[in-house]
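Here is a short tour of some side-chain neighbourhoods for you. Take a look at the model first, then follow the notes below.

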Amino acid sequence: MDASRSDVLILGGGVIGLACAFYLLKAGASVRVLEQGTPGCGSSHGNCGTITPSHAAPLAMPGVLGEALRSVFRADAPLYLNPRPEWDRLRWLLGFARRCNWRDFQHAAEARSAILQRSRRLIEALVHEEGLDCEFVSGGGLYVYRTQSALAAGELHHAAVLDRLGIEVQRLRGDEVEALEPALKPGVAGGLFHPGDAQLRPDRYVAELARRVRELGGVIECGAQIDDFGTQGGQVDVVRTTRGVFRGERVVMALGAWSPLLGRMLDLRLPMQPGKGYSLTYTRPTRVPRHALVLSEAKVCVTTWGSGYRLGSTMEFSGYAEGLNRTRLDALRRGAAAGLREPEGPQLLEEWWGWRPMSMDEIPIIGPSKRWSNLTLATAHGMLGVSMSAATGELVASLLGSAATNIDPAPYAPTRFGL
């Protein structure tokens, strides 16, 4: 028997790759995960850890393109488009612009809602049934608005969308929001509470998934940077890495923001761009929020765990530019200071940046490739990788096992992009 061959070879050991590995192992497959660093070292590590059916609405809607173009002149804008010319980013932006209409908005919202709601149920079950120690709390999430104009826009483009999708949202007056969250500064205009949302500590969630994958017999190859692929007969035959050569009867590409770069080696043009996000992690302040918050005008997410406190979010399209952008970290601090009595904890533990894998239509790309008969894609989850992780893993395991799926796979199929 070839020790380097598995039933399924998973490329990428982030939250999506590990969720796929878990469900495939549960289905009886032998699984090997190839990770260029350590499990969850990318966007799975430093995000805010919210589980959010409330985030079903996509970014693309009429008017948002103008906001993005205006951001060229504001490096601290919550949505920032770097003006440096780059063909791949321009092509992605043109595709994104074509989808800034209400028909595509509704289609994306429905597709995102289906996988988010399924994943929300699965994650809670996973935490309890598999004993995942990741500070999971099912306490809901709160959007906070400090101006009437922002509240009206939230009602129109957020709450009304969730109503149509059957996702519960509660409208709160300003005084009700302040009573619910004493950590907020006074002067709140109103809020939208999402009782179905939850939160966890994402780095611990990924570590726990990795633990269960290994306990179930899966192998995780750390430090296995992919150098090349070997193909034969319309299939991906071998994957060559810095840790050796590996083979799989089936191959799953779960490489997040790196998917377009590695996809080129297989003649796949994935319509994706990295959306750079930032976070600041602290020890807990004395007065912390009781729920996960979104400070809406500043677009700052605030999450509190027993072990810490995090400010995060922002969306920066700067290609694959690495490193921290101090201007954007300072914007996170200002946004938090405008809304919270204690915006920062006593000790700064980590400043973080990571790339979110953003598809052109803001729907994840999940399903078999028509170019390579044994390749399945599981990528392009944007800012919602943690939220969509369990349902993605379940869907991939069902597709590879030719089993009935719990959600309709059609909206996520790579064939919509000719992949």
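**Contacts and aromatic rings**

Leaving aside residues up to four places away in sequence, Val-127 touches Leu-132, Cys-134 and Phe-136, where contact means heavy atoms within 4.5 Å. This is a predicted model, in which local features need pLDDT of at least 70 and side-chain atom pairs pLDDT 80 or more, while totals for chains, interfaces and linings use all residues. Residues are numbered from 1 along each chain as its sequence is written, and side-chain values use heavy atoms, without hydrogens and water.

**Around Val-127**
- Val-127 belongs to helix α5 (residues 102–129); helices are DSSP runs of H or I, at least four residues, numbered from the N terminus.
- Val-127 counts as buried because its relative accessibility is 9% (buried is under 20%, exposed over 50%, partly exposed in between, with a 1.4 Å probe and protein chains only).

**Aromatic pairs**
- There are eight aromatic pairs in the structure (Phe, Tyr or six-membered Trp rings with centres within 6.5 Å; planes under 30 degrees apart are stacked, over 60 edge-to-face, the rest tilted).
- One of them, Trp-92 with Phe-96, is stacked, at 5.2 Å centre to centre and 15° between the planes.
- Both Trp-92 and Phe-96 are buried, and both lie in helix α4 (residues 87–98), four residues apart, about one turn of the helix.

**Charges over rings**
- Lys-276 lies over the face of Trp-353, 4.7 Å from the ring centre (NZ of Lys or CZ of Arg within 6 Å of the centre and within 35 degrees of the ring normal).
- Arg-371 has its charged end over the ring of Trp-372, 4.0 Å from the centre.

How values were computed. Helices (H or I, at least four residues) and strands (E, at least two) are DSSP runs, numbered from the N terminus.
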